[in-house]
Structures are given as structure tokens and as C-alpha cells.
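Have the viewer open and follow along.

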Amino acid sequence: MTDKPTIRALSVFASVATRGPVTLARLESLHPDISRAGIWRALDNLRSAGWARMRLGDGAWLATHAADDILGNATIPPRAVEELALRLPKHRKGGDITIGTFTEFGRFEIIEATDPDRIGEVLPLIGEPMTFSALASAEEADMLRHLKRWMDTAASAEERALITSGGLAAGLRAARENPTLRMDTGFALPHRAKDGSVAVAWIGA
């Protein structure tokens, strides 16, 4: 892969961004599979693009604010979505797949789907297998925050009563041991990342 200029440039940029300021000699040790000339060409391209610059004095390389602005404003789904998506190919056998996540407290949104019409759909937190699985997979404090926000903004009187009674929370805690819900129409596959984010894939039967 490293024989491709774009891959080389991205690989070198990752080192500059995460290890910088970093010297050319240090970059050589970090990328033994790329020649010194290849590293220098990658750095020169990054400098031309405005993503990296050479520090005065020691010639060490560091990322610029232009690169930080791009990454800082990037639209990146929660980590749980990315990690879950990488697990899906082995589960997919031509059926429908829908992936949802909490986009804020009390809001569960479909952000990927084989049916593009579902992207952007917001699911209620009560009465949906995907949201039940997501709540059961969330950390305790986050689960309670989701339920409170839903109760305060969108829940019906009956749903508010279910939440305030503690019955729903008790059911969610009981489901934590196995939050994968299976039904005749498919199953919900949840995932919680190390950063606490939660995503759920619905795999159609």
C-alpha cells in the first residue's frame, strides 16, 4: 500500500499530526517501508497543501491550523457507529441493514441504511427494538439522561408514567446481559464503544 503516493502522504501526515513536531529522521524510523525521498515528497506535498510546515531552527515538522480546521469541522459519526459498521459484513446476507445512534440525549436517529429513505428518521425511545437495545447498552448515567430528556420533550403521559415508575429502567437493566433483541422480522445488534457512544444495527430477516 505504501507504494501509492496518496497513501504515503496520509501515513506521513498521521505521524506529523500525532507525533509532531517530528524530524525527518524520526519519520524515517516511524516509516521504515517508505524511502527518505518518499517521505520528503509526502512532506513537500503536505506543505504545498497547507497541512504541514517545517519548524524554524531544528526543521521538525508539525501540522498546521488549516489541517486542524478541516478535522475539527469534519462530520464524523460516533465511534460506536464506525466500529459497528466494520462488524456488519459477516452478518449481512443480502438483507436490509439499518444503523442508528444517539445524536443527542433523548434523540435516536437512523444515520445509515440500505434503504436511503430511512436516513434521518428519528425513532421514539419507547416501543422500538432498536432504541430498547441502545438504551440497554448505554452506560447507566447516559441511559437515565436519555430517558429524562425523552420524558421532558416527547413522551406521552403513559410513557412518562412508565419512566417515572422505574419499570422501564428496571427492564433495561435486566436486558444488559443480552441487549441483542431477536424478532421474526430481524434482530438488533448493539455496540458500545470505549468512549461510551452507542450504536445499533437492525439486521432484517
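In which sense do strands E3 and E8 pair, and over how many bridges? In this predicted model, E3 (residues 97–104) and E8 (residues 198–204) pair in the antiparallel sense, with 5 bridges between them.

In E3, 6 of the 8 residues are buried, so the strand is mostly covered, where buried means under 20% relative accessible area. For E8 the count is 6 buried residues of 7, which means that E8 is largely enclosed by the rest of the structure.

E3 is joined to strand E4 (residues 107–113) by 6 bridges, and the two run antiparallel. Phe-102 stands opposite Phe-108 of E4. The E3 and E4 hairpin has 2 residues between its strands, and Gly-106 takes a positive phi near 80 degrees there.

E8, for its part, pairs with strand E7 (residues 186–192), again in the antiparallel sense, over 7 bridges. Here Arg-192 stands opposite Val-198 in E8. The hairpin of E7 and E8 has 5 residues between the strands, and Gly-196 in its turn has a positive phi of about 95 degrees.

Let's move on to the helices. Two packed helices are described by the angle between their axes and the distance between those axes. Take H7 (residues 140–153) and H8 (residues 157–164): their axes come within 9 Å and cross at roughly 150 degrees. Angles over 145 degrees count as roughly antiparallel, so that is how H7 runs relative to H8. The crossing of H7 past H8 is left-handed. At the contact, Leu-147, Trp-150 and Met-151 of H7 meet Glu-159, Arg-160, Ile-163 and Thr-164 of H8. By type, the residues of this contact are 4 nonpolar, 1 polar and 2 charged.

How are H1 and H3 oriented to each other? The axes of H1 (residues 5–19) and H3 (residues 36–49) come within 9 Å and cross at roughly 75 degrees, and H1 and H3 are therefore roughly perpendicular. On the H1 side, Arg-8, Ala-9, Val-12, Phe-13 and Val-16 take part, meeting Gly-38, Ile-39, Arg-41, Ala-42, Leu-43 and Leu-46 in H3. The residues of the H1 and H3 contact divide into 8 nonpolar, 1 polar and 2 charged.

Notes:
Residues are numbered from 1 along each chain as its sequence is written. This is a predicted model: local features need pLDDT of at least 70, side-chain atom pairs count only at pLDDT 80 or more; totals for chains, interfaces and linings use all residues. Side-chain values use heavy atoms; hydrogens and water are left out. Buried means under 20% relative accessible area, exposed over 50%, partly exposed in between (1.4 Å probe, protein chains only). Helices (H or I, at least four residues) and strands (E, at least two) are DSSP runs, numbered from the N terminus. Two strands pair if DSSP finds at least two bridges between them. Axes are lines fitted to C-alpha atoms, for helices over the stretch in contact, and angles run from 0 to 180 degrees between N-to-C directions. Angles under 35 degrees count as roughly parallel, over 145 as roughly antiparallel, 65 to 115 as roughly perpendicular and the rest as oblique. A crossing is left-handed if the near helix is turned anticlockwise from the far one by less than a right angle, and right-handed if clockwise. Contact means heavy atoms within 4.5 Å. Ala, Val, Leu, Ile, Met, Phe, Trp, Tyr, Cys and Pro count as nonpolar, Asp, Glu, Lys and Arg as charged, and the others, Gly among them, as polar.
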